[in-house]
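Please look over the model shown below together with the briefing that follows.

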Amino acid sequence: MYFGLYKPARVIESKGPDFFIPAHPEPRQTEPNIFTIVLGARHSLIGNLMEDRYHSGVDSFRVLTRQIVFVNSPEHVKYVMVSRHANYERKSPQMRRALAPLIGDGLVISDGETWKWRRPIVAGVVHKKRMPEFAPTMEEVAEEFARGWAELPEGTGFELTHQMAQLTAKIIAQTVFGRNLGHQAAHMLIDGFASYQKSVDSFNLGYFLGADEGWPLLLGPKRRRAAAMVHTVVDGVLDAHFSGQGDRGSMVDMLIKHRADNSGPEMDRAALRNEAATMFLAGHETTAALLTWAWYLIANSPWVEERLHVEIDMVCGEGPVRMSDLPALDWCRAIILETLRLYPPIPLLPRQAKDADRIGDIDVEKGALVMISPWLLHRARDLWDRPNHFMPERFANGGKADPFTFIPFSVGPRTCAGLNFGLDEAILCLATLAQRFRVLPRQGWKVEPVCRLTLRPQGGLPVTIAARSGKGRP
Ligand code: HEM
């Protein structure tokens, strides 16, 4: 694929009877050249990071004509994301260009006035006080998914990221678009998004050659078709709602209803479509990646798995896992938080500096690419004890981390709108499946974390599932 020009970094992974250091690329010892940077960005955005970046600090370098500033200390993360939010709220041109054909000016890539008036609307729709309304959908979809696994012959193998995406896409499709979304429409949505994302390019050469807005993206027929599939389904859902046939409790319904009592500008049809598509996009890839990594970590740490099983059996017994069980599932929560630390589903938060500024000792140019990286921050040697070890005990017994050192959901005004949704969903799904099954990665499979839009195992994670003794099978 890279014609022998690019050699990905070596992957480090090691384990013993009571420790697990999960897969991560070996940091580079020397600054990569421009070929390595460009080809490397296409392979993985975390594959070429230098050893000294795994330490807190701020530093700057140049790719062609563009200044890139890495901000990797809690103090300066706070400065960028909170104190100087207005200067750094704008997403990078590559991200905006890559996603606009699919989600238009949806919240994830909007800024300025559009973001300001839409943020409270979208955040309200997915707010934590609405979790009890979403709970039955989450519980039922997770249960149904576990029943599907139970019907598979013992030792069935499959690719896990795909399975987890099916699960989380079903949950988010039913909550965003309604529980009466047909089977065919749901599949069109899921396939459309998956196919679109596969063809997204994470490097816009124009931006690095001086064009502050990057170069326009040439939409190939594949990507055009994928976006059209998604838009057809979303338009159908909007039509159903406008003709009074939509699901009353769905997020789309809430967005539409908001039009009636919103004193700001009216959310027109395009805005509704963009925000609904954004919720779907933002709400399933991330949780699917999180669950995949959690299974990988658990499977390689028997002492963690054993404690997980004991907790689930004690809290939920043989009965279905309920949202009301979540406060008692402390170890399960700790595993999910530690997974978010080691494998943040969105490992890079790129921002474009609106005006020149100074961060720490670094002079920042107007238009510079300012990188905040949960991946780097969560593995900084001076901020975490044994940063590359999987240690859920960091978060056990309600343990928390500093909000500017642990940022899997970002931080500040642009924090993930679906934080509570994603967290509760992940814990519920993990507990529902771990109650009955063990997930066993294929022996000898080399796991390599790669980052494009989200952080995934390269080539997926082939696994087999096994029923826990006396559980799992009907
Ligand atoms: C474990 C799951 C999730 C993780 C780790 C996650 C992470 C993030 C991160 C890091 C951002 C900021 C991106 C940036 O600044 O470039 C973000 C934004 C966002 N997320 Fe999530 N997310 C998750 C689940 C969800 C879910 C379930 C939803 C919706 C139901 C959602 C909706 C959003 C939205 C709308 C934004 C844009 C917020 C804004 O710009 O104001 N996310 N998410």
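In α10, the residues Val230, His231, Val234, Asp235 and Leu238 meet Arg269, Leu272, Arg273, Ala276 and Ala277 of α12, where a contact requires the C-beta atoms of two residues, placed from the backbone, to lie within 7 Å. The structure is a predicted model, in which local features need pLDDT of at least 70 and side-chain atom pairs count only at pLDDT 80 or more, whereas totals for chains, interfaces and linings use all residues. Residues are numbered from 1 along each chain as its sequence is written. Helices (H or I, at least four residues) and strands (E, at least two) are DSSP runs, numbered from the N terminus.

**Helix packing around α12**

- Sorted by class, the contact of α10 with α12 contains 6 nonpolar, 1 polar and 3 charged residues, with Ala, Val, Leu, Ile, Met, Phe, Trp, Tyr, Cys and Pro counted as nonpolar, Asp, Glu, Lys and Arg as charged, and the others, Gly among them, as polar.
- Helix α10 (residues 221-242) packs against α12 at an angle of about 115°, with the axes 10 Å apart; axes are lines fitted to C-alpha atoms, for helices over the stretch in contact, and angles run from 0 to 180 degrees between N-to-C directions.
- The crossing of α10 and α12 is right-handed; a crossing is called left-handed if the near helix is turned anticlockwise from the far one by less than a right angle, and right-handed if clockwise.
- Helix α7 (residues 160-177) also packs with α12, their axes coming within 8 Å and crossing at roughly 145°, and this crossing of α7 and α12 is right-handed.
- Among the residues that meet in the contact of α7 with α12 are Leu160, Met164 and Phe177 from α7, and Phe280, Gly283 and Trp295 from α12.
- By class, the contact of α7 with α12 has 14 nonpolar and 6 polar residues, and no charged residues.

**The shell around the ligand**

- Of the 25 residues around the ligand, Gly283, Thr286, Cys416, Gly418 and Gly422 come nearest, a residue being near a molecule or strand if its C-beta atom, placed from the backbone, lies within 6 Å of it.
- The elements that give two or more residues to this shell are α5 (112-125), α12 (269-299) and α16 (419-434), and α12 gives the most, with 7 residues.
- By class, the shell around the ligand is made up of 16 nonpolar, 7 polar and 2 charged residues.

- β3 and β4 (residues 66-71) run antiparallel and are joined by 6 bridges, with Val58 partnered by Val71 and Val63 by Arg66.
- In the hairpin of β3 and β4, which has 2 residues between the strands, Leu64 takes a positive phi near 55°.
- β4 pairs with β9 (residues 369-372) in the parallel sense over 4 bridges, and Ile68 stands opposite Leu369 in β9.
- Val69, placed in strand β4, counts as buried because it has 24 C-beta neighbours inside 10 Å; the cut-offs are 20 or more other C-beta atoms within 10 Å for buried, 12 or fewer for exposed, and partly exposed in between, with C-beta atoms placed from the backbone.
- Not counting residues up to four places away in sequence, Val69 touches Val58, Ser60, Ile359, Ile362, Val364, Ala368, Val370 and Met371.

**The three-stranded sheet**

- An open sheet of 3 strands has the order β5-β13-β10, with antiparallel pairing, and its edge strands, β5 (157-159) and β10 (437-441), each pair on one side only.
- β10 is joined to β13 (residues 462-467) by 5 bridges, and Phe437 has Ala467 in β13 as its bridge partner.

**Phe406**

- Phe406 lies in the loop between α15 (374-377) and α16, and counts as buried because 22 C-beta neighbours lie inside 10 Å.
- Leaving aside its neighbours within four places in sequence, Phe406 is in contact with Arg341, His378 and Ala401.

Methods: Pairing = 2+ DSSP bridges.
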